[in-house]
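Work through the exercises below with the sequence and the model side by side. Each task is followed by a solution in steps.

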Amino acid sequence: MKNAFLRLLLVCAGLAGAFVSPANAAVEININRGNVQPLPIAITDFISGDGIGAQISAVVEADLKRSGLFAPINRQAFIEKISNPDQPPRFEDWKVIKADALVVGRITREADGRLRAEFRLWDTFGGQQMTGQQFFTDPKNWRRVAHIIADAIYERITGEKGYFDTRVVFVSESGPKTDRKRQLAIMDQDGENVRMLTNSKDIVLTPRFSPSRQEITYMSFEGDQPRVYLLQLETGGREVVGNFPGMTFAPRFSPDGQRVIMSLQQDGNANIYTMDLRSRTTTRLTSTAAIDTSPSYSPDGSQIVFESDRGGRQQLYVMGADGSGQRRISFGDGSYSTPVWSPRGDLIAFTKQSGGKFSIGVMKTDGSGERILTTGFHNEGPTWAPNGRVLMFFRQNAGAGGPQLYSIDLSGYNEQLVKTPSFASDPAWSPLME
């Protein structure tokens, strides 16, 4: 989505100056070590004349803190008051409060009304600027600027792409259990800027993001018939992919966005099909008397993971994109469902039911290295952040009125409630926005 959504321009030149020496900077986080000690970081209020700077820096701080990799220092501990973000800070003042990194910034308004947002990231112990960037955008997009700044800081310190400038589509649930209304909704990854995409008249299920365009698939029971729709997020236009009686999950996209893969039920069993979105032709990939469902492509499009009860209970299987080489990969106790291939290609996330509880876990693509990240009364529906480091899922607690969204990183130690205005289920994480 080349700037069509926000018309935001990134300009990196002009903030590097003579202070940048990233090759020698010592501040970094190795996120491949498992449980990482959060990095102490000081994030100052960005200088501005109207309070927007403090709002932007607060969102940056919240993003970094929520990742579990950063420990923002309380502003009351700050010794130096930054008055000119273009000048090197007094590094000794930041060492005293044990800030390994420092973020400063400034927000100004251009003559044409646009916001100009600038920030610098400093290595306080090395006495060096690690990165500096500036952005121009419409004032209404200030939250997105904050997420992009947080992504830049995250990437510079961890060496991995961030995931803050993303959105999540989900099913918003309201009303009593006996008359629950389910609408399609979308929000920023931190739960802000929620807006409804459908009305509450018809039940909607399992939205899925396209990896290449700002569109989603979802299921709707308009007229009591299950139909799969394609919804364009920029225009609000939608089209029917097809009528699919017996379908229980919406299709997932192929990595190039040109096809969808789905499970269709016929005569008591279910098999997996692909559909070309241009020609609407379908190709059958499995042919068993079992229930094969929940297919998900690998990021290179060469393989598919799915769940099947062909062995007596739900387990995970992998096959080639043409249906060849079908093989079981899960062998633990319990039942496995809702597999989703990581965007990095290294892991498969899943829901596991065992001992009367539901867990969210990950395993390597050959089924080895299974790890349970969280367990509860009812956890389900994992979806990956685009950097493959964080999962979002929905949880229904015992006796609770409805489901809620949670995120958790691969360490399993950083579980966070994602607050939404109403109950929420079936999250699907977007790719990084452009």
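**Exercise 1.** Which residues does Asn387 touch, not counting residues up to four places away in sequence?

*Solution.* Before starting, note that this is a predicted model, in which local features need pLDDT of at least 70 and side-chain atom pairs count only at pLDDT 80 or more, while totals for chains, interfaces and linings use all residues. Residues are numbered from 1 along each chain as its sequence is written, and side-chain values use heavy atoms, with hydrogens and water left out.

Step 1. Locate the residue: Asn387 sits in the loop between strand S26 (379-384) and strand S27 (390-395). Strands here are DSSP runs of E with at least two residues, numbered from the N terminus.

Step 2. List the contacts, a contact being heavy atoms within 4.5 Å. Asn387 touches Tyr154, Lys161, Gly162, Tyr163 and Arg344.

Step 3. Look at polar atoms. A polar atom of the Asn387 side chain lies 3.1 Å from the backbone oxygen of Lys161.

Step 4. Check the accessibility. Asn387 counts as buried because its relative accessibility is 4%; the cut-offs are under 20% relative accessible area for buried, over 50% for exposed, and partly exposed in between (1.4 Å probe, protein chains only).

**Exercise 2.** Which side chain forms a polar contact with that of Ser425?

*Solution.* Step 1. Find Ser425 in strand S30 (residues 423-429). At a relative accessible area of 5%, Ser425 is buried.

Step 1. Apply the criterion: a polar contact is a pair of N or O atoms within 3.5 Å; within protein, one must be able to donate a hydrogen and the other to accept it, and residues adjacent in sequence count only if both atoms are side-chain atoms. The side chain of Glu173 meets that of Ser425 in such a contact, at 2.6 Å.

Step 2. Leaving out residues up to four places away in sequence, Ser425 touches Phe170, Val171, Glu173, Phe394, Pro403 and Leu405.

**Exercise 3.** Is strand S4 largely enclosed or left open by the rest of the structure, and with which strand does S4 form a hairpin?

*Solution.* Step 1. Count the buried residues. In S4 (residues 101-109) seven of the nine residues are buried, so the strand is largely enclosed by the rest of the structure.

Step 1. Find the partners; two strands pair if DSSP finds at least two bridges between them. Strand S2 (residues 39-43) pairs with S4 in the parallel sense over three bridges, and Ile43 stands opposite Val103 in S4. Strand S5 (residues 115-123) runs antiparallel to S4, joined by nine bridges, and Arg106 stands opposite Glu118 in S5.

Step 2. Inspect the connection. S4 and S5 form a hairpin with five residues between them, and Gly113 in the turn has a positive phi of about 95°.

**Exercise 4.** How many cavities of 30 Å³ or more does the structure hold, and which residues line the second largest cavity?

*Solution.* Step 1. On a 1 Å grid over the protein atoms alone, a cavity is a set of points where a 1.4 Å probe fits but cannot get out, and lining residues have an atom within 4 Å of a point. Grid points are joined across faces, edges and corners, and a volume is the space filled by probe spheres set on the points.

Step 1. The structure holds two such cavities. Of its 13 lining residues, Arg66, Tyr163, Val390, Ser407 and Trp429 are the closest to its centre. Strand S28 (404-409) gives the largest share of this lining, three residues.

Step 2. The second largest cavity holds about 30 Å³ of space. Its lining consists of Pro85, Asp86, Val104, Gly105, Arg106, Glu118, Phe119 and Arg120. S4 and S5 are the elements that give two or more residues to this lining.

**Exercise 5.** In what order do the four strands of the open sheet lie?

*Solution.* Step 1. The order is S18-S19-S20-S21, with antiparallel pairing.

Step 1. Strand S18 (292-297) and strand S21 (327-328) are at the edges with a single partner strand each, so one side of each has no neighbour in the sheet.

Step 2. Strand S19 (residues 303-308) and strand S20 (residues 315-320) pair over six antiparallel bridges, and Ser308 stands opposite Gln315 in S20.

Terms used:
1 Å grid on protein atoms, 1.4 Å probe; cavity = no way out; pocket = protein on both sides within 12 Å on 5 of 7 lines; lining within 4 Å.
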